[in-house]
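Open the model in your viewer and keep the selection tool at hand.

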Amino acid sequence: MDLDFRALRQEFPLLAHKTYLNSGSYGALARNVQAAFAAYLEERLLSGANWDAWVAKNESVRALVAQLLRAAPDEIAITASVSAGLNALASALQFSGVRSKVIISDFEFPTNAQIWHAQEPRGAQVVHVPEGAGGAIPLESFASVIDERTQLVAITHVCYRNGAKLDIPGIVRLAHAKGARVLLDCYQSVGSLDIDVKAMDVDFAAGGMVKYLLGTAGIGFLYVRDTLIRSLVPANSGWFAQADIGAMDISANRPAASARRFEAGTPAVVNCYAAEAGLKIILAVGTAAIERRVYELTHRCMQRLEEIGWPSITPIPEERRGATVAVRARAAPQLCAELIRRNIVTSSRDDNMRASFHYYNNDDDIESLIAALNEMRSHRIAC
């Protein structure tokens, strides 16, 4: 079935007056998500506290994330953020034995480096895989550091700075051959690309709802492979991590048999409303269709950048990039500020201007960006 992207675009009021190319920072607000916030407030006014409904809403988000990732609901923890999920996972790992190494890449978002460096007093040895020539990290660089002492390879799916995608299948094969586990940070891809954690064979995956999943900040998820859950007992805990959240038992920590053991305290109730609405939109459109749309738009944008002599630094092959197209820019924050004055919303990281695409973008958005950049060529840095 062909999707009417023109009609789908109408569900995002912001797009009527902004060229919005910043979904890698915060997804555009959909009418249904706005209505979900209103529904929460209305429910508060009518009932005050409605814990049964709120817990059910949290469980609905869990089931939708499981559907999104092709996992089972019992493999999903609903967390306050990626940081909360990774800290819970880190607290369940031991680094005092032979397997003390954690491998990360220089493509990581700060969270996925800082949390593992924070385990160094517990015995973790954190090893960085450096960015190579041309802004890539070849598989051979991972092969040179993953060994029998490696416990975890914690890697991003798509680099937040330049939109480059790591060779996840290759890295997973290398890690599993040495008995190591793989954590995938998919915050910069989930919702814009089609992700199947079972097909990818990753052991853990973390992400959140504020970007391409169209929800809001303050809510995320952690996937844990079912065969690993019972062997991992987080030292970070709370009443929603317990086997029976209604037991109010203060005599012991009795973690849930499911991935809920990686949760903590009271869920972010209002955020669950928004996350549920955003996830339903993404699943209704379909992540396979979204991925095709995103690749069409990003390819078109990269072609147009070449034509104006300001080529993207993002890799061209689809298997090596996500939904972000980045260009090198002199004074990138100032460039983004000038674009905002023209009602074009992008973002900057390092010396890069990032344009992050979603299915609701179109060719007009690309042409608005290209025309503006063509007028501001003094910001260009030659690659």
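Select helix α2 (residues 31-47) together with helix α10 (residues 269-285) in this predicted model. Helix α2 and α10 pack at an angle of about 150°, and their axes are 8 Å apart. Angles over 145 degrees count as roughly antiparallel, and α2 and α10 are therefore roughly antiparallel to each other. In its crossing, which is right-handed, α2 passes α10.

Now show the side chains at this contact. On the α2 side, pick N32, V33, A36, F37, A39, Y40 and E43. They meet V269, V270, Y273, A274, A277, G278 and I281 in α10. Colour them by class: the contact of α2 with α10 has 11 nonpolar, two polar and one charged residues.

The crossing in which α3 passes α10 is left-handed.

Which residues of α3 meet α10? Select W54, K57, N58, S60, V61, L64, V65, Q67 and L68 in α3. Their partners in α10 are V269, C272, Y273, A275, E276, L279, K280, I282 and L283. By class, this contact of α3 with α10 has 12 nonpolar, three polar and three charged residues. Click on V269 and Y273 in α10: they are among the residues that meet α2, and also among those that meet α3.

Next, clear the view and select helix α11 (residues 287-307) and helix α13 (residues 363-375). These two pack at an angle of about 25°, with their axes 10 Å apart. Angles under 35 degrees count as roughly parallel, and α11 and α13 are therefore roughly parallel to each other. Their crossing is right-handed.

At the contact, L297, R300, C301, R304 and L305 in α11 meet D363, I366, E367, L369, I370 and L373 in α13. This contact has seven nonpolar, no polar and four charged residues.

For the last stop, show the surface and go to the largest pocket. How much space lies in the largest pocket? About 240 Å³. The pocket is lined by 18 residues, and the closest to its centre are I78, T79, A80, A264 and G265. Select β2 (76-79) and α4 (82-92) as well, the elements that give two or more residues to the lining. Coloured by class, the lining divides into 11 nonpolar, six polar and one charged.

Key
Residues numbered from 1 in each chain as written. Predicted model: local features only at pLDDT ≥ 70, side-chain atom pairs only at ≥ 80, totals over all residues. Heavy atoms only, no water. Axes fitted to C-alpha atoms, helices over the stretch in contact; angles between N-to-C directions. Helix = DSSP H or I, 4+ residues; strand = E, 2+ residues; numbered from the N terminus. Parallel < 35°, antiparallel > 145°, perpendicular 65-115°, else oblique. Left-handed = near helix turned anticlockwise from the far one by under 90°. Contact = heavy atoms within 4.5 Å. Nonpolar A, V, L, I, M, F, W, Y, C, P; charged D, E, K, R; others polar. 1 Å grid on protein atoms, 1.4 Å probe; cavity = no way out; pocket = protein on both sides within 12 Å on 5 of 7 lines; lining within 4 Å. Points joined across faces, edges and corners; volume = space filled by probe spheres on them.
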